[in-house]
Amino acid sequence: MDLRDAAQQLYAVLPREFTAERTALARQAKEAGEKDLAKEIGSLPKPAAGAWAINMLAVHQPEVIDGVVRFGASLRAAQEEGDAEAFRELGQQRQGQLTLAVHAAKDLASGLGAPLSAAGAADVEQTFRAVMADAGAAAAVATGRLVRGLSGSGFESVDLTDAVAATNPDEIAGVGEPPKVKLPAEPRPTPQGKKKQGSQAKGKAPAEAATSLAERRAQKRQAALEEARTEFEAADQEATAAEEDASKAWNVVKEVAGRRSDVEAEIAKVKKRLASLEAELIGITRDAEAAESQKKLAVRAATQQRRAADQARRRVERLA
């Protein structure tokens with residue numbers, strides 16, 4: 001077992017199991033006489049929630065990571081080749097791809113028993129934005145050993161410092177290489193021998209015209225690309241703002257749903273208590289009716305006894 005093998009195993013466990021697993025792996029290395037390795041394993045940092053969810057995708061659903069990486073490669077290629085139409089079209093699809101990937105991460109995390117918070121889900125989305133923008137970021141998430149989220153929503157290189165555990169530069173090659181727009185190559189000037197001035201002028205004119213045409217085409221393509229990039233960045237900012245509003249609205253919905261659930265539970269509790277009281281009332285009513293009947297019987301008996309006593313008293317008075 002080397003450090004990368006240990007990290008690969010460690011970053012595939014649930015967050016609540018991370019510390020215990022790290023301790024076990026370090027102990028295993030120490031017992032094998034690898035004290036330096038044990039120390040390195042013990043220093044491996046626990047991943048952030050968003051990074052952990054992406055690691056889980058790399059382990060359990062690598063096709064999701066692959067889809068994001070491929071889409072990002074197409075987006076970068078359109079930019080590098082100056083294909084404004086393809087760049088604009090892919091830019092319009094970008095948010096949909098991000099949403100699908102984030103939902104996959106959230107569903108997987110919930111299925112594994114460690115649901116993502118809103119902040120964790122936002123970190124996942126920001127990381128996938130970086131993956132679409134930078135080849136190094138794409139390589140980083142594919143390792144399954146991501147420690148923290150990545151940031152980069154444009155097409156600049158992404159900072160991967162301390163982002164991946166137990167890695168080396170070759171594993172995440174491509175870092176720090178911002179994309180460049182490729183311009184059409186200028187035609188080479190035709191060889192010129194010892195010709196008359198008039199012949200030289202005739203030879204230069206087509207070459208100069210071709211060069212000028214190529215430059216105009218390159219400038220036109222560059223302008224179209226810059227326009228598409230500006231539209232993309234503006235749309236991206238609007239989409240991000242809309243997502244924040246949607247997230248806030250979702251939080252309000254969850255809060256209201258929680259309050260509704262509490263009220264419904266209280267209503268159910270009150271209904272249950274009401275049913276119990278109603279049953280008790282029925283019993284009391286029956287007891288009251290029975291008591292009323294007993295009372296009438298007792299009054300009737302008392303009246304009869306009082307009459308008998310009055311008759312006996314009058315007889316006594318007559319005999320006296």
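A166 sits in the loop between α8 and α9, where helices (H or I, at least four residues) and strands (E, at least two) are DSSP runs numbered from the N terminus. This is a predicted model, in which local features need pLDDT of at least 70 and side-chain atom pairs count only at pLDDT 80 or more, while totals for chains, interfaces and linings use all residues. Residues are numbered from 1 along each chain as its sequence is written, and side-chain values use heavy atoms, with hydrogens and water left out.

The phi angle of A166 is near 50°, a positive value in a residue other than glycine, and D162, with phi near 55°, likewise has a positive value without being glycine. D162 is also found in the loop between α8 (135-142) and α9 (197-319). Is each residue buried or exposed? A166 is buried, at 17% relative accessible area, whereas D162 is exposed, at 65%; buried means under 20%, exposed over 50%, and partly exposed in between, with a 1.4 Å probe and protein chains only.

Side chains of opposite charge can pair when their charged atoms come close. The structure holds 4 salt bridges, each being a side-chain nitrogen of Lys or Arg within 4 Å of a carboxyl oxygen of Asp or Glu, and the table lists some of them, including R70 with D66.

| Salt bridge | N to O distance |
|---|---|
| R70 and D66 | 2.7 Å |
| K295 and E292 | 2.8 Å |
| E317 and R313 | 2.9 Å |

R70 and D66 both lie in helix α5 (residues 62-80), 4 residues apart, about one turn of the helix; R70 is exposed at 56%, whereas D66 is partly exposed at 36%.
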